[in-house]
Amino acid sequence: MTYSSYRVKVPGKLLIAGEYAILEPNQKAVVIAIDRYISAYIEPSHQNLLSLPQLGFDQVTWKMGTEKVQFNVTDPKLQFIENSLAVINQYLSEKSIDIQPFHLTIKSELDDQETGRKYGLGSSAAVVVAVISAILTLHSGQKFFPSFEDVFKLSAIAHLKTQKNGSGVDIAASTFGGWLCYSSFQPEWVLNQLQQIKVLSELVEKPWPNLSIIPLTAPTQLQLCVGWTGKAASTGPMIEKVQHFRSSNLESYKQFLTNTSAAVDNLLKSFELNDCDGAISSLTQSRQSLRMLSEKAGITIETDQLKALSQLAEKIGSGKSSGAGGGDCGIAFVKGESEKEELQIAWKNAGILPLKLAVSKDGVNVTEYNCEMSVNEYYCNV
C-alpha cells in the first residue's frame, strides 16, 4: 500500500547578540537559524511508535494517559518529546481532530557526528519544533492549516512545560529560519495563562505580550564564522548564576542591560544601512558587555578558548561567545571570503575547530513522500 508520509526538517540556532538580557521584558536579541537540522519522519501506523536511533531508542510505544503521555520506557531524555506529544494531543482534541496512530523517527545533525559531543546549537528546542510540526502536518487538512506562529507557540508551551523557563529565542530560530530580531514573551505569563485558561487553543490564538519576531537582512559583505571550542556547556547553571547576580546586584545588572541593548540596537541599525563595518563594531560592543557581566558576576562566560577565539577574530574583524558561554561555540564577523579563510586558519592553529555552518533561510520545512516501505526502511535509505 502506498500512502503519504512526511519529512520535517528543522534548523538549529546560534545567538548573535542579546544573551541573558533577552530573558528580560522589552529586550531584543539577534539570532540565526543554521544549516544543520533535526529531521522528523512521520507516517501512519497501526500503533504509536517513536524511534530515536542515535539515542538507542528503536521503537518506543506510547499512549495518552489521563494526564500525561505514557511511554513503555522511562528515560529523562524523552521529557521534551513527552511534553510535546501531550501539548499537541490536547490542541488537536480541542480542534475536534482525532489523532491517528503514527510512527515518528527523529534524526539529528546538530551534534558532532563522530563523538556525539554537543555544539550548543539548540537541540532540545529543535526537537520540540520538529515533533510539533510533524504531527500538525500529518493531521492538517481541510479543517486545519497550521501557521508558523501556531508551531512557535505550541513549541514554546511544550518547552516551558519541560524546562519551566526560557526566552523561546531558539524556538523562534528553528521555526522561522534566517536572521531574526527577537523579543521574548514572559515565561511566567505563559505558565500562569496555562493555569487560568485551561483551553490551549485559546492561549495559542491570543496575542502574547512583548513577543516580537522580525526577519532581518544582513549586510551583503558580512561573513559569519563559527568556531567550536571542544568543550560542551550547560546553559541552565549559567543562567542561574546570572539570576543570582541580578537579585544581589541590581544596579550593575541594569547597566549590563543598558550596554547590551545599545549593542543590539547598533547591530540592527547596521543591518538596516547595509553597513558591514558597523555590524563588526557592534559585535565587539556586545562582547564587551558580556565581559563586564562575567567580571562583576564572577562567572566564566568567556573561557580561555572563547577568549582566544575572540581575540584572533578581533585582529581581522570581531568575535564573541555565542549563547550562555562557558564553552560550546563562538562566532565572528569579518568582511569577505578572504578574511573568513584567514580567520579559520588562525583558529585551526589555535586548536579551535571552524564549523562549516551557514544561515538557514528556511525554518520548518516539510517534504511529502509516497512510501511503500516502513519509515525505518525509508529512513535508512535517505
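This is a predicted model: local features need pLDDT of at least 70, side-chain atom pairs count only at pLDDT 80 or more; totals for chains, interfaces and linings use all residues.
Asp-75 is partly exposed, with a relative accessible area of 23%; here, buried means under 20% relative accessible area, exposed means over 50%, and partly exposed is what falls in between (1.4 Å probe, protein chains only).

Residues are numbered from 1 along each chain as its sequence is written, and side-chain values use heavy atoms, with hydrogens and water left out.

The structure holds nine salt bridges. One of them joins Lys-320 to Glu-19, with the closest N and O atoms 2.6 Å apart. This pair links distant parts of the chain, 301 residues apart: Lys-320 sits in strand β10 (residues 318–321), while Glu-19 is in the loop between β1 (3–17) and β2 (29–44). Helices (H or I, at least four residues) and strands (E, at least two) are DSSP runs, numbered from the N terminus. Both partners count as buried, Lys-320 at 0% relative accessibility and Glu-19 at 3%.

Another salt bridge pairs Glu-302 with Arg-291, and here the closest N and O atoms are 2.6 Å apart. Glu-302 lies in the loop between α9 (276–297) and α10 (304–314) and Arg-291 is in helix α9, so the pair ties together parts 11 residues apart in sequence. Glu-302 counts as buried, at 16% relative accessibility, whereas Arg-291 is partly exposed at 38%. The two also belong to a salt-bridge network that takes in Arg-287 and Glu-314.

Glu-302 and Arg-291 turn up again around the largest cavity, whose lining also includes Arg-287, Leu-290, Ser-294, Ile-301 and Ser-321. A cavity is a set of points, on a 1 Å grid over the protein atoms alone, where a 1.4 Å probe fits but cannot get out; lining residues have an atom within 4 Å of a point. Helix α9 gives the largest share of the lining, four residues.

Terms used: A salt bridge is a side-chain nitrogen of Lys or Arg within 4 Å of a carboxyl oxygen of Asp or Glu. On a 1 Å grid over the protein atoms alone, a cavity is a set of points where a 1.4 Å probe fits but cannot get out, and a pocket is an open set with protein on both sides within 12 Å along at least five of seven lines; lining residues have an atom within 4 Å of a point.
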